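Colleague: Please bring up the structure, and let us go through it together.

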Amino acid sequence: MRTLPLSPPVLGVLLALALVASGLGLVWSTHEVRAGYARLQVLELERWQLQEEYTRLLLELNTWAAPHRISQIASDKLFMLPPALSLSRVIEQ
Amino acid sequence: MTAASPFGLSKWRYGLVCLLLMGLAGLLIGRLVMLQLTDSGSGAVFLREQGALRTIRTAEIPVYRGLIEDRNGTPLAVSSPVVSLWANPKLLKDSLRLGELADLLSIDPNALKEKLAFYGDKQFMYLARHQTPEFARKILQGQFPGVKGEREYRRYYPAGEVTAQVLGLTNVDGRGIAGVEMAFEDWLRGVPGKKRFIKDLHGEMVRDFGVIDEPRPGKTLTLSLDLRLQYVQHRELQRAMKETGAVAGSAVTLDAWTGEVLAISNYPVFNPNARSTLDYGSARNRAVTDVYEPGSTVKTLTLVAALESGQFSLDTLIDTTPGRIRVGSKVLHDPRNYGEMTLSRVIEKSSQVGVTKLAQAVGHEAILDVLHRFGLGADTGTGFPGERAGVLPNHAHWSDIEKVTLAFGYGLNATPIQLARAYAVFANEGVRRPLTLLKHDYDNAIQGDRVVTAEIARDVLTVLGRVTKPGGTATLAQVRGFSVGGKTGTVHKVGEGGYLDDQYVALFVGIAPINEPRYVTAILVDQPLGDHYGGGLAAAPVYSRITEEVLRIRNARPERSDTGALLADAGVAQ
């Protein structure tokens, strides 16, 4: 019969320690999952808010740059005109 | 007494009680084994399911609808996050803070109470849909019992009424119900994701199992439209409506080389961002969904039939004396007696007598065949919801007058976009292309079909160019620095008792620049008032103003005169 490399009491203590360690590991990993999930939630919220801001800015930009606003400012405030054709030159490519 | 038992009872009674108790324990253990291990009857699986039913929920992860942008990437329709506020009436209805909530929502407290009473036995009712996130946050921070927020998206149209009819609308649930939004629904609509979580007694999430289905957001749609041209059309159409007092109008601009629709606008308009004021009559994209009799704009196609017959060339002389002609019981008039003139002049002057003679010479079958080939009576390929194909006449027996009126555009109908497409054939050296609302490169433009020879297309362009020159019917269509061509149309509107004497539709379809034809624009003015009701007076100036901008924005090269200088502004009658 083969003999165990360690005496049974020592083996028992080692196994008990391993059990405790794995238990602690489980606690730690569960905690990590929770923390990670909480981070994910925060990031998702942030993504939502950024998207909200992005679309708001996009709409704002396009309101400021609306063609009718540009043409109104160009003609009413800056007194701009389309150039007369006699002043135009065609640049050949 | 028998042997002493600890409690003074007989051994057999003690044994029996022990046995019974052990039996009961055995039953319990057996039942537990059945439930937990062997899974017989209402066993472990059943219990787990029941537990899950009570705690595990799946929630939809909302996705945004794809962006719609113009050919230059300017956004035309944007989905923006909003929050819909809802309440659990069971929790909210007895709250003492209803007044405060109604105040924040700016609604009548009594109306809120009534609504809560109405939905009293339900667990869900909307308080206010599609609120801005800031506003919703303010309400949710108030921690009213049973009041929650739900994330949704709302569609905004930055260009407002300028693109309203062509883009169409989405309903409150974010589905396309009109226009491009509807036509490309599958492309734009995302697929909402799903996630699972465990909820507690109050319905709050306590643990997330993660995402089951990844949300797939909608895709960006790039249209062939150019917002700058769209704006120009919109502005000029509005101006024309104001000047002529017309009830409706449409404008379409095509790039004939690719079949792309560059701009399409209509009057009356509506504001797609103010849904409560929506009037469905104004929401129609009339240029695609409404048919009109095309009138004299069809004479160009009669010219094609005449040239194809081999009986005529542009210089063939036609005698229109005495300026009127009898067909059946009807007499058709020219404004005055034009005498003898060339085929080209007949079209330039839009002579009824001349065209009648052409029609009689080539026959209505030949004309009908040309109309078919140029795409009248068939849809244009845009896939726009509600697009009308128009009707070409299909009489069993053709009367003399019907054979002739076909040649000048009565007795059939077409949409403005169909007319533009028919004229685009001339700009394409005789090739007809399907139209598209999506951006295409010139190199991978959709292949077209040749419907007329390049020579005839060129001849027709020559005539169309003369129409806008002094002596033609559309001198007001001229554009500074460029030669353009086109054809006017003035059609009597149809009322209850037939054609109306005092109500007209004015049309102009033009091609620019005529020496390098590419941009085709159709203008329709419905019921212009006063004396300026004709196509040459009501529609041609609109064409001119729109085309000037089209050519500038699209970088068309101005013509040069013989001396090498650009044709100056002076060369044009304004």
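Colleague: Where is B:Ser106 found?

Modeller: B:Ser106 is in the loop between helix 4 (98–104) and helix 5 (109–118) of chain B. Helices (H or I, at least four residues) and strands (E, at least two) are DSSP runs, numbered from the N terminus. Please note that this is a predicted model: local features need pLDDT of at least 70, side-chain atom pairs count only at pLDDT 80 or more, and totals for chains, interfaces and linings use all residues. Residues are numbered from 1 along each chain as its sequence is written, chains are lettered from A and ligands numbered from 1 in the order in which they are written, and side-chain values use heavy atoms, with hydrogens and water left out.

Colleague: What is the phi of B:Ser106?

Modeller: B:Ser106 is not a glycine, yet its phi is positive, at about 50°.

Colleague: Is B:Ser106 buried or exposed?

Modeller: B:Ser106 counts as exposed because its relative accessibility is 63%. Buried means under 20% relative accessible area, exposed over 50%, and partly exposed in between (1.4 Å probe, protein chains only).

Colleague: Let us change topic. Which residue joins B:Tyr267 in a cis peptide bond?

Modeller: The partner of B:Tyr267 is B:Pro268, and omega of the cis bond is about 0°. B:Pro268 is in the loop between strand 10 and helix 11 (286–289) of chain B. The peptide bond from B:Thr321 to B:Pro322 is also cis, with omega near 5°. B:Pro322 belongs to the loop between strand 11 (317–319) and strand 12 (324–327) of chain B.

Colleague: What about B:Asn428: is it buried or exposed?

Modeller: B:Asn428 counts as buried because its relative accessibility is 11%. B:Asn428 is found in the loop between helix 17 (416–427) and strand 15 (431–432) of chain B.

Colleague: Which residues is B:Asn428 in contact with, leaving aside its neighbours within four places in sequence?

Modeller: B:Asn428 is in contact with B:Ala256, B:Trp257 and B:Arg433. Contact means heavy atoms within 4.5 Å.

Colleague: Now to helix 12 of chain B. How many of its residues are buried?

Modeller: In helix 12 of chain B, 9 of the 11 residues are buried, so the helix is largely enclosed by the rest of the structure. Among the buried residues are B:Lys299, B:Thr300, B:Leu301 and B:Ala305.

Colleague: What do the buried residues of helix 12 of chain B pack against?

Modeller: They pack against helix 13 (343–349), helix 14 (352–362), helix 15 (364–373), helix 17, helix 18 and strand 17 (485–495) of chain B. Just after helix 12 of chain B, B:Gly310 has a positive phi of about 80°.

Colleague: At what angle do helix 12 and helix 18 of chain B pack?

Modeller: Helix 12 (residues 299–309) and helix 18 (residues 454–467) of chain B pack at about 135°, and their axes are 10 Å apart. Helix 12 of chain B is therefore oblique to helix 18 of chain B. Axes are lines fitted to C-alpha atoms, for helices over the stretch in contact, and angles run from 0 to 180 degrees between N-to-C directions. Angles under 35 degrees count as roughly parallel, over 145 as roughly antiparallel, 65 to 115 as roughly perpendicular and the rest as oblique.

Colleague: Which residues make the contact between helix 12 and helix 18 of chain B?

Modeller: Helix 12 of chain B contributes B:Thr300, B:Leu303, B:Val304, B:Leu307 and B:Glu308. From helix 18 of chain B come B:Ile456, B:Asp459, B:Val460, B:Val463 and B:Leu464.

Colleague: Next, the sheet. What is the strand order in the open sheet of 5 strands?

Modeller: The order is 10-9-19-18-17 in chain B, with antiparallel pairing. Two strands pair if DSSP finds at least two bridges between them. Strand 10 (260–267) and strand 17 of chain B are the edge strands, each pairing on one side only. From one strand to the next, the twist averages 15°.

Colleague: How many bridges join strand 17 to strand 18 of chain B?

Modeller: Strand 17 and strand 18 (residues 498–512) of chain B are joined by 10 bridges and run antiparallel. They form a hairpin with 2 residues between them. In strand 18 of chain B, B:Leu507 stands opposite B:Gly489, and B:Tyr499 stands opposite B:Val494.

Colleague: And how many bridges are there between strand 18 and strand 19 of chain B?

Modeller: Strand 18 and strand 19 (residues 519–526) of chain B pair in the antiparallel sense over 8 bridges. A hairpin of 6 residues joins these two strands, and B:Ala512 has B:Tyr519 of strand 19 of chain B as its bridge partner.
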